[in-house]
Amino acid sequence: MKLFITFEGGEGCGKSTQARILWRKLHQENVPAILTHEPGGTALGNEIRRLLKRRQGSHISPQAELFLFAACRGQLLAEVIHPALAEGRVVVCDRFAHSTLAYQGYGRGLDSTVIDTINNLATQNLKPDLTILLDTPPEQALARKLSLKDRFELEDLSFHRRVREGYLKTAATDPNHWLVIDASLPKRKISEIIWDQVSQLLPCPPSLRTESPLP
Ligand code: TMP
């Protein structure tokens, strides 16, 4: 089977935790699956991630930032995502191309047509079967962040509000491929909502499975 699931959301929304819970649940259900993330997931991607997130150093222009994320994505596609899908694994990816539209498009103000073109090149036109958006008001999530903030977390509130608006607008244009969840719900409830939806996409419907509890 070929199933590509991505997680999206603003800072501190809990998507990495939920991506991991889903990946573990797939394993429990004997569904071959991998968990990966952006930016990163490859040796090259991890080096670029470090440059993109560091607080100090030379200023990165929005255009350069766009190409750096695209470079990470192109490498992750070639090295990790395509091979896993070709082997019939479910791929769970923490952030993907929609992050670029939200952050570099809505956040930085780069042209969405240009972003689409570059995203299509980097992803070789691969689109997620399902994107799970954990939606949260940025003021709440950023206030919770106590550790040292990275280059993106240091952006002002209006930037993060535009990112959120970008996600919600994009999700609204394609409701069949997006699942929008209120990130303030209890962690367990969120993972149940996600499993409900993902299990419908698996070849063997949930009614025929012996369900194991969520981790
Ligand atoms: P995270 O992996 O800890 O979420 O950090 C990644 C940061 O990079 C996060 O602030 C969102 C940002 N980002 C973009 O601006 N554009 C992108 O295309 C991606 C994948 C991430």
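Guide: A residue is called buried when its relative accessible area is under 20%, exposed when that area is over 50%, and partly exposed in between. The model considered here is a predicted one. The relative accessible area of Gln104 is 2%, so Gln104 counts as buried. Leaving aside residues up to four places away in sequence, Gln104 touches Glu65, Leu66, Phe69, Ser99, Gly109, Leu110, Ile115 and Phe152.

The setting of this residue may now be placed within the whole. Eight helices and five strands make up the elements of the protein, and from the N terminus they follow one another as β-α-β-α-α-β-α-α-β-α-α-β-α. Of the 215 residues, 47% are buried, and Gln104 is one of the buried residues. Among contacts in the protein with a separation of 6 or more, 77% join residues 24 or more positions apart.

As to overall dimensions, the radius of gyration is 17 Å, which agrees with the value near 17 Å for a compact globule of 215 residues. Along the principal axes, the C-alpha atoms fill a box of roughly 55 × 35 × 30 Å. The protein exposes about 10,500 Å², of which carbon and sulfur atoms supply 55%. Its side chains include 27 positive and 24 negative ones, and the centres of these two sets lie 5 Å apart.

Note on methods. Residues numbered from 1 in each chain as written. Predicted model: local features only at pLDDT ≥ 70, side-chain atom pairs only at ≥ 80, totals over all residues. Heavy atoms only, no water. Helix = DSSP H or I, 4+ residues; strand = E, 2+ residues; numbered from the N terminus. Rg over C-alpha atoms; globule rule 2.2 N^0.38 Å. Buried < 20%, exposed > 50% of the residue type's maximum accessible area, 1.4 Å probe, protein only. Contact = heavy atoms within 4.5 Å. Areas by Shrake-Rupley, 256 points an atom, 1.4 Å probe, with all protein chains shown as cover. Lys, Arg positive; Asp, Glu negative; His and termini not counted. Charge placed at Lys NZ, Arg CZ, Asp CG, Glu CD.
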